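Welcome! Take a moment to look over the sequence and the 3D view, and then let us walk through a few parts together.

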Amino acid sequence: MANVLVTTDWVAQHTNDASIRIVEVDVDTTAYDQGHVPGAVGWNWTTELCDTLVRDIIPIKKLEELLGRSGVDNKTTIVLYGDNNNWFAAWAFWQLKMYGHQDVRIMDGGRKKWIAESRELTTDKPNTAPKTYKASAPDTSLRAFLAEVQQASAGQKAALVDVRSPAEFTGEILAPPGLPETCQRGGHIPGAKSIPWGKNCNDDGTFKSVDDLKALYAGQGISGDKPIIAYCRIGERSSLTWFVLKHLLGFQNVKNYDGSWTEWGNLVGAAVEKP
Amino acid sequence: MKAEGYTKRRQDVGGWAVEIETYQLGDVYYCTINNVDPGARFARAEGSTREEAEAKALEKAGRYLAQTRRFTTG
């Protein structure tokens, strides 16, 4: 297992380790308060992991404050986990790597596996002594912006990986079933390959083996020999695929396009491919 | 405390496949409903019994799914 993944067993043995900060990040922002891994702090992706004024990742000062009050300094090992197969744990992982945090890991299987295994939960919030955190300037080599995606689509110099469901990819639906529609047009970015994020995971929420993952992507012509840009609807599912490609498979040039379909599918004049 | 009675099952709601997860924490039952594809949670509820939590969550799920439109792609 790559050293960016830890098991639920490992986490259970390290809940009192002062060098480690366990952090829960959920799609369902109420889940943490229902009960969480002992010692874990909770981060709210809608308010704490983004710029709440403009659409952007968390600003550097806000990140430093969040980490500092979470008891994290630059040497702390951060272990992330969350619901929905770690969607927003991966989102947090991606941003922490952009800001240069060295030791970030994800609990394989996330909240679902922890609960299914009937492991200890608490509603107590940990008493964290504030620390000082100094982040690096964001590493934009991990992030794709619109212009680069347009170039990739036109020139095929980078592989575009659409990690949404097949029905979103074809334009049959505009958002995951049951969620609000957040785009004007359905379909996908011309040239993109459909490799849904769920293919990365086993039924218990853990990631598939590296061999299985290599085979999955190789079967779609994704082998890491050219740049890769992953996208979804708002960038969290694609951060999970980014994590797989960059950190489990070790591909060098992988970017997350967090503008994703909520940008492309609302853009006047943008080319859209169907099915 | 520990989650007890964790169950997971699939069923059809309004023509969409969903996954229903339910467990008990303390005195409260929690139910969350995900669409099977792509696997996003979109409804949840609590209750004092498993049946109550699931019924509430399923009612919400049905209401939300009724608003999901299908388009032709040809």
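## A short tour of chain A

Leaving aside residues up to four places away in sequence, A:Ser19 touches A:Thr76 and A:Thr77. Please keep in mind that this is a predicted model. A:Ser19 sits in the loop between α1 (8-13) and β2 of chain A. Is A:Ser19 buried or exposed? A:Ser19 has 9 C-beta neighbours inside 10 Å, so it counts as exposed. Its C-alpha atom is separated by 41 Å from that of A:Trp264, 245 residues apart along the chain.

Next comes strand β2 (residues 20-25) of chain A. Here 5 of the 6 residues are buried, so the strand is largely enclosed by the rest of the structure.

Now let us step back to the domains. Chain A is divided into domain 1 (5-138) and domain 2 (141-264), and their C-alpha centres lie 23 Å apart. Where they meet, 17 residues of domain 1 of chain A are in contact with 14 residues of domain 2 of chain A. On the domain 1 side, the elements that give two or more residues are α4 (83-98) and α5 (110-116) of chain A. The largest share of that side, 10 residues, comes from α4(A). By class, this side of domain 1 has 9 nonpolar, 4 polar and 4 charged residues.

Conventions:
Residues numbered from 1 in each chain as written. Chains lettered and ligands numbered in written order. Predicted model: local features only at pLDDT ≥ 70, side-chain atom pairs only at ≥ 80, totals over all residues. Buried ≥ 20, exposed ≤ 12 C-beta atoms within 10 Å, placed from the backbone. Helix = DSSP H or I, 4+ residues; strand = E, 2+ residues; numbered from the N terminus. Contact = placed C-beta atoms within 7 Å. Domains from an automatic or database assignment. Nonpolar A, V, L, I, M, F, W, Y, C, P; charged D, E, K, R; others polar.
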